[in-house]
Amino acid sequence: MSFAFKTESSDSMDEKLRIRKSLQEITNRIHAAHNIAHILVEVKDGILELFHAASITIYVVDKLHNEIYSMFLAGAQIKEIRVPISNESIAGYVANTYNIVNISNAYNQTELKALDFELTFDSSWDKKTGFQTRQILAAPIFYDDQLMGVIQILNKKFGEGRFSDDEVGLAMEIAEVLGVAFYNQQRFSRRRKTRFDFLLTRGLIKEDEMEAAWREAREQKESIEYYLMRKHRISKDDIGHSFEEFYRCRFITYNEKAVIPGDLIKNLNKDYLRRELWVPLERIDGSIHVIVDDPNNILKRDAIENLLKTKKVKYDVSLPEDILKYINLFFHTAGDESSFVDLLGRLDDEDGGYDEDDGTEMVTESDSVIMQLVNKIINDACLRRASDIHIEPNVGKKNVEIRFRVDGDCAIYQTVPYSYRAAIISRIKIMSNLDITVKRLPQDGKIKFRRSNGEELELRVASIPTQGGVEDVVMRLLAKGETMPLQDMALEKRNYDELIKMITKPYGMILVVGPTGSGKTTTLHASLHQINRPDRKIWTAEDPVEITQYGLRQVQVQPKIGFDFAAAMRSFLRADPDIIMVGEMRDFETAKIGVEASLTGHLVFSTLHTNSAPETIVRLLDMGIDPLNFADALLGILAQRLVRTLCKSCKELYQPTKEEYDEIAESYGEEDFAKLEIPYNNNFKLYRPKGCDICDRTGYRGRMGIHELVVATDQVKRLIQKRETVEVMRAQAMSEGMTTLLQDGIIKALKGYTDFMQVRRVCIR
């Protein structure tokens, strides 16, 4: 027995000596590392062997972005992963709370919630790699009470349960060594003081390559940053990270949608800014935000603050090429058209504007400049594919904000000094034949606008008095474009086939419903285009005529003189029609005439503002339409919405979590979703937005329709005659093959056209 005891003690002592020796070797390797990347990538094997573990990740703190990052080898390249410092991940939790975590099962929600209610385990990496995480030992890395990173060890090779107390102590010892090493690396980086230290410490470029790059860039008269990107394939993001780490500020890239800071640059010289490489970008909480090529240049900062007449300046860094692009954007527009800043400067020179005290117009030469300014706003809206222009004056001496709606989302275009708000609003009212003396009542008008390239635009204008005695103006661009073919309307096969059957019937009523701006008129014109033949007489009554189509006799209603939709339809019935399209069934009379026309041998198209196809039936019955006549007349109802589509150039394929899959299935209806036979496995992929230059970094470009089509079958007609509820009609329509708006949107998300978030934005279950 005593011999056995001595043997066991000897084995234990040998194991301890092995651990100490391994720990010393790891310590030496860590301190001998040339940079942080070398530590993160090349010392992991020794630590894994020490712990008999399957995987290890060492993270370093990035204080500027409130993240921790690590690196791994992917082929011959070093790639980076980043995790927010928050309780939403285990490594982020350790960095956020400074707690050591020793978990026996990462998938055990009870164990995670016992640590923190918000704590979750992100299983996406497991799904992507096939690695199954079990145990996790994670400890914070400190140096002198300063958080430097996190070490995370995964999966014991031998045994079950948590890592042992001895292994926890070992992890703390290694964390202490790493803390000293990270501190020394950062101190070494600070001592060298070059703005490319990040690239060197991450192993993205070697010292001798960096020195050669400086020399060759000078010889080729190229900026060092673009030489590195071109010759050494250093990404712009890595250049930006390097600048942010060195200058301790944000790295700003060029954005062509940036708002021109007219009040900040009106007294600055374009050539001077191009030579000195700086430009003010915006005001932030009372401070002027300036981008500059070298925020550490004290002489340049003094000159900037003297010119801007303030010490309240925040400096951020940008590449020289991007600064020049911003200056060109702010001071110059291609062609003969003056830039926004030039126009504002000319307004200041001429002291134009309106007298705010008595409301009278000051007739000066600046009127022509105001006209050019309004023309530029309309032209730029057209270039940016905007559907609406919002002119929003503010109370007091705040600037006038101008916003464009593009693909359904509003964004700031430019701001104009408050002193010109009355002049701009009055100019728009003059262009749209509105009364400039009426400021306390809403007015509606239209502008016919011809662009320099000969293109004609029509804008629908609405002026609305707002709080503080000012007026807002909203202009909708009604471009007379080509009619979109029905096959390009993104209709699913069942909806497309059923709609074709309806529109080829000789008589009946077809309704397209949805909120304002959901593409109803586009769908109606696409349907008319499908059946527009010389042997058919087609009349349309619209307000306004947004899309023109050869072969249609199109009429614009004038409600102010009594020529409304009902009057137009009555006149059409006396004009030998085959097909009638009326812009909207706004009242009982229009709806009644439409039903009667469809019963007397005419095919009638129209729209309503309702939320869904089944709700439309109840709405019309509530308006007083006879259910028997309506049931006989109805062919079908198409409800639709528009969702933003993912940019084809940059959309990113990814593996959704099981929680995302379950949410999609629940939203679709679990029984119906099961019929699609789309299981959750490694082959289940979705697309998400990423952002590129083509889509202005939004990840989205353009819109598409999602649809819900109720076909007026015999069963549906009987429900209409009985005045059944919306729920009963919806259940019947779905039993006959109807997909709801939400279901149609989810199908398009599964096909990669859009994402679930965009569908949720426009649909309710």
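Contact here means heavy atoms within 4.5 Å. Helices (H or I, at least four residues) and strands (E, at least two) are DSSP runs, numbered from the N terminus.

The model is predicted, so to speak of local features we need pLDDT of at least 70, side-chain atom pairs count only at pLDDT 80 or more, and totals for chains, interfaces and linings use all residues. Residues are numbered from 1 along each chain as its sequence is written, and side-chain values use heavy atoms, with hydrogens and water left out.

First, the whole protein. The protein has 30 helices and 24 strands. Of its 765 residues, 49% are buried, where buried means under 20% relative accessible area, exposed over 50%, and partly exposed in between, with a 1.4 Å probe and protein chains only. Among contacts with a separation of 6 or more, 63% are between residues 24 or more positions apart.

Now helix H28, residues 726–735. Which residues of H28 are buried? They are Val726, Met729 and Ala733. These residues cover an arc of only 70° around the axis, which puts them on the same side of H28. The arc is that of the directions from the helix axis to the C-beta atoms. As background, an α-helix has 3.6 residues a turn, so residues three or four places apart point the same way. On the other side of H28, Glu727 and Ser735 are exposed. The cover over the buried residues of H28 includes helix H23 (613–622), strand S24 (700–711) and helix H27 (714–721). Just after H28 comes glycine 737, with a positive phi of about 110°.

Next, helix H25, residues 658–668. Its buried residues are Tyr661, Ile664, Ala665, Ser667 and Tyr668. They cover an arc of only 165° around the axis, which puts them on the same side of H25. What do the buried residues of H25 pack against? The partners are helix H26 (670–675), strand S23 (686–688), helix H29 (741–750) and helix H30 (756–762). Glycine 669 follows H25, and its phi is positive, near 105°.

Then a pair of strands. Strand S8 (residues 287–292) and S9 run parallel, joined by 5 bridges; two strands pair if DSSP finds at least two bridges between them. Histidine 289 stands opposite lysine 314 in S9. In strand S9 (residues 313–317), 4 of the 5 residues are buried, so S9 is largely enclosed by the rest of the structure.

Last, cysteines. A disulfide is a pair of cysteine sulfur atoms within 2.5 Å, and by this rule the count is 0. Cysteine 249 is buried, with a relative accessible area of 8%.
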